[in-house]
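Please look over the structure below before reading on. The text goes from the whole protein to a single residue.

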Amino acid sequence: MRLIGLAVILTLSLNLVPLEADAQQAAKAPRIGFLGNSTAALEANLVRPFREGLRDLGYVEGRNVLIEYRWAEGQYDRFPALIGDLLALNVDAIVTAGTPATLAVKKATTSVPVVMVAVGDPVGTGILPSLSRPGGNITGLTSISPELDGKRLELLREVVPNVSHIAVLWNAASPLQVVAEKQTQAAAQVLRMKVLSLGVRTEKEMDDAFVAIVRERPGALLVLADRLFLHHRARIMDFAAQQRLPGVHAYRELVEVGGLMSFGPSYADMHRRAAYFVDRILKGAKPADLPVERPATFDLVINLKAAKALGLMIPQSVLLRATEVIQ
């Protein structure tokens with residue numbers, strides 16, 4: 001009986017060793033903050049490639065790296081409190097998804113390393129002095145591509161040749177969106193399109209924008225790249241469908257819930273690449289010495305079901321350029 005009891009104790013002890021080792025390893029693991037503009041559910045398709053990128057570099061969440069997630073849920077006034085939580089945890093670095101989150105962290109700390117992802121114009125919005133020499137504590141990836149706004153309008157014109165009046169939905173609370181709206185206006189002027197510019201900050205202002213669209217009757221709706229619209233994407237696309245408004249949007253998620261088309265950088269690829277910057281920083285590199293990277297790949301997503309509902313035939317020349325077609 002003693003032998004059996006001793007064997008049981010030894011077995012239990014051996015089984016506990018890996019658990020204790022994992023616990024000790026987790027306790028010593030670096031801690032990363034991930035600050036998102038929207039919600040965990042809405043940004044799961046971006047968090048996943050970030051985790052995959054870390055895993056490819058040898059980091060396993062919960063074992064040799066800890067990630068603290070904070071979500072603003074589209075309410076940017078929540079950023080200071082969320083950032084305060086992360087700083088109180090003494091995180092080793094903060095990953096920021098989008099311009100508003102990055103600007104908020106820039107105001108809160110100049111010492112904690114920051115890896116920004118999908119920031120539209122980090123120089124124009126005052127986040128960095130230069131892409132090649134970022135300086136300070138912030139580096140990462142920009143989604144900036146000066147031709148994007150013009151390309152979206154050109155795609156719209158290819159699919160809807162007679163469109164001459166468009167509504168543009170943008171977030172007036174975001175410095176980046178102010179710049180993007182001006183770029184869209186300039187691109188529309190070249191194509192001789194009239195623009196109904198709708199800058200919104202809240203859900204109530206979004207309601208007012210919808211009223212203005214119904215009143216002015218534009219021929220298309222473009223939604224610019226902001227997490228506020230990602231958060232309310234189903235509602236916006238339902239309205240667009242009701243009003244029979246085609247559009248080429250910034251986010252593929254809008255196409256997944258019924259929008260016609262999207263064209264923009266691959267946000268999934270940028271989040272995966274963010275893991276590289278985190279790895280370099282954890283190994284001792286300074287953000288100031290890591291040049292900011294521009295997007296390497298772009299996605300054109302087309303929803304054929306939405307096209308059929310709108311009575312549109314997508315030209316073969318456009319279909320051949322698509323990275324994904326939703327039937």
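**From the whole chain to one residue**

The accessible surface of the protein comes to about 15400 Å², and carbon and sulfur atoms hold 54% of that surface. Accessible areas come from the Shrake-Rupley method with a 1.4 Å probe, and for residues only the protein chains shown count as cover. This is a predicted model, in which local features need pLDDT of at least 70 and side-chain atom pairs count only at pLDDT 80 or more, while totals for chains, interfaces and linings use all residues. Residues are numbered from 1 along each chain as its sequence is written, and side-chain values use heavy atoms, with hydrogens and water left out.

Along the principal axes, the C-alpha atoms fill a box of roughly 85 × 50 × 35 Å. The protein has 13 helices and twelve strands, which are DSSP runs numbered from the N terminus (helices: H or I, at least four residues; strands: E, at least two). Of the 327 residues, 51% are buried, where buried means under 20% relative accessible area with a 1.4 Å probe, protein chains only. Among contacts (heavy atoms within 4.5 Å) with a separation of 6 or more, 70% join residues 24 or more positions apart.

Now to the single residue. I94 sits in strand β3, which covers residues 93–97. I94 has a relative accessible area of 0% and is therefore buried. Leaving aside neighbours within four places in sequence, I94 is in contact with G33, L35, L86, L87, V105, V112, P113, V114 and V115. G58 is 36 residues from I94 in sequence, and their C-alpha atoms are 19 Å apart in space.

Methods. Buried means under 20% relative accessible area, exposed over 50%, partly exposed in between (1.4 Å probe, protein chains only).
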